Amino acid sequence: MTLGRGLCIITGASKGLGRALAHEAAHLLEPSSVLLLVARSGALLKKLREELQSSIGQQQLEIHCITADLSTKEGVNTTLKVARKQKVLNETDHVLLINNAASLGAISAFESFTDVESVNSYLSLNVSSALALTAGILQMFPARPGLRRSVVNISSTFAQQVSPSWVLYCTGKAARKMMFNVLAEERPDVKVLNYSPGPLDTEMQEEIERVTGIAYHLLPCQESAVKLMKLLLDNEFASGVHLDFFDV
């Protein structure tokens with residue numbers, strides 16, 4: 001099984017789960033596909049592209065790095081502009097958008113969040129940009145016979161579970177889950193998956209341990225990435241469902 005001749009867009013692709021997903025997708029896309037890697041660090045994206053080109057050999061896969069801050073209007077527009085330029089626009093049979101870019105935010109008491117600008121900045125990256133980018137991609141690739149459109153939201157157990165002092169993170173994840181549930185209801189022709197990848201061995205988990213003193217048993221990013229790709233290949237999940245790594 002493959003992901004087809006597709007256009008695959010991965011945000012937050014420079015490290016962690018996004019990087020692992022890029023490695024998996026590169027081997028599952030058919031020849032003449034396009035892989036768009038989006039992140040704030042151009043240097044890390046360039047290194048990732050070199051790794052992918054080395055690992056896939058002569059496979060015909062276009063890999064483009066997009067250095068963009070998705071918390072800004074300019075970052076979202078830059079990503080959409082590059083996507084619009086791809087030759088596969090009218091030939092692809094699968095458009096796959098993986099909304100992975102996200103941040104932890106401050107872990108602090110509810111009463112500490114009095115700065116509207118800092119709260120809006122957090123929500124801009126973690127909610128608004130995912131909405132605007134997804135809407136733009138769906139406009140760019142309207143429904144047509146033979147075209148599969150898939151949207152993945154990298155979620156968390158905190159999208160459904162309350163945790164004291166995690167107001168920003170819980171709010172962002174819950175809002176994203178509901179946002180993509182609305183998409184699933186509104187557009188039955190778009191396959192939507194909310195995927196909670198489990199506690200991963202990433203810089204975010206290091207920060208969580210530093211701030212809270214809580215250490216989780218961490219999973220390799222590659223292990224969770226493989227499971228997500230299997231879900232997409234099997235394509236048997238109900239659109240809009242929220243699936244956790246440990247439940248599939």
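Predicted model: local features only at pLDDT ≥ 70, side-chain atom pairs only at ≥ 80, totals over all residues.
Which element gives the most to the lining of the largest pocket?

## The largest pocket

Helix α6 gives the most to the lining of the largest pocket, contributing four residues. This pocket has a volume of about 1000 Å³. Its lining consists of 42 residues, and those nearest the centre are N100, A102, S103, T202 and M204.

At least two lining residues come from each of α1 (16-28), β2 (33-39), α5 (167-186) and α6 (203-212). Sorted by class, the lining of the largest pocket contains 22 nonpolar, 14 polar and six charged residues.

## The second largest pocket

The second largest pocket holds about 260 Å³ of space. It is lined by 14 residues, with A135, L138, L183, E186 and R187 lying nearest its centre. Two elements, α4 and α5, each give two or more residues to this lining.

The lining of the second largest pocket comprises nine nonpolar, two polar and three charged residues. Helix α5 also supplies at least two residues to the lining of the largest pocket.

## Enclosed cavities

Rolling a probe the size of a water molecule over the atoms shows where empty space is left. In this model, two cavities of 30 Å³ or more are counted.

The residues that line the largest cavity are T11, L70, N99, A101, L125, S129, A130, L133 and R176. Helix α4 (residues 116-140) provides the largest share of this lining, namely four residues. By class, the lining of the largest cavity divides into five nonpolar residues, three polar residues and one charged residue.

## The second largest cavity

Around the second largest cavity lie V95, L97, T134, I137, L138, R149, S150 and V151. The elements that contribute two or more residues to this lining are β4 (94-99), α4 and β5 (148-154). Five residues of the lining are nonpolar, two are polar and one is charged. One of these lining residues, L138, is also among the residues nearest the centre of the second largest pocket.

V95, which lines the second largest cavity, belongs to strand β4. Is V95 buried or exposed? V95 counts as buried because its relative accessible area is 4%, and the cut-off for a buried residue is under 20%.

When residues up to four places away in sequence are not counted, V95 touches L7, I137, F141, L147, R148, R149 and S150. Among these contacts, I137, R149 and S150 also line the second largest cavity. V95 and L138 both belong to that lining; they are separated by 43 residues in sequence and by 8.9 Å in space, taken from C-alpha to C-alpha.

## The nonpolar cores

The largest nonpolar core has 39 residues, of which L3, I10, L35 and L37 touch the most other members. Leaving aside residues up to four places away in sequence, L3 touches A25, L28, L29, H94, L96, M229, L232 and L233.

A second, separate core has 20 residues, including A68, V76, A83 and A101. Of these, A101 is also one of the residues that line the largest cavity.

Technical notes: Residues numbered from 1 in each chain as written. Heavy atoms only, no water. 1 Å grid on protein atoms, 1.4 Å probe; cavity = no way out; pocket = protein on both sides within 12 Å on 5 of 7 lines; lining within 4 Å. Points joined across faces, edges and corners; volume = space filled by probe spheres on them. Nonpolar A, V, L, I, M, F, W, Y, C, P; charged D, E, K, R; others polar. Buried < 20%, exposed > 50% of the residue type's maximum accessible area, 1.4 Å probe, protein only. Contact = heavy atoms within 4.5 Å. Core = buried A, V, L, I, M, F, W, Y, C linked by side-chain atoms within 4.5 Å.
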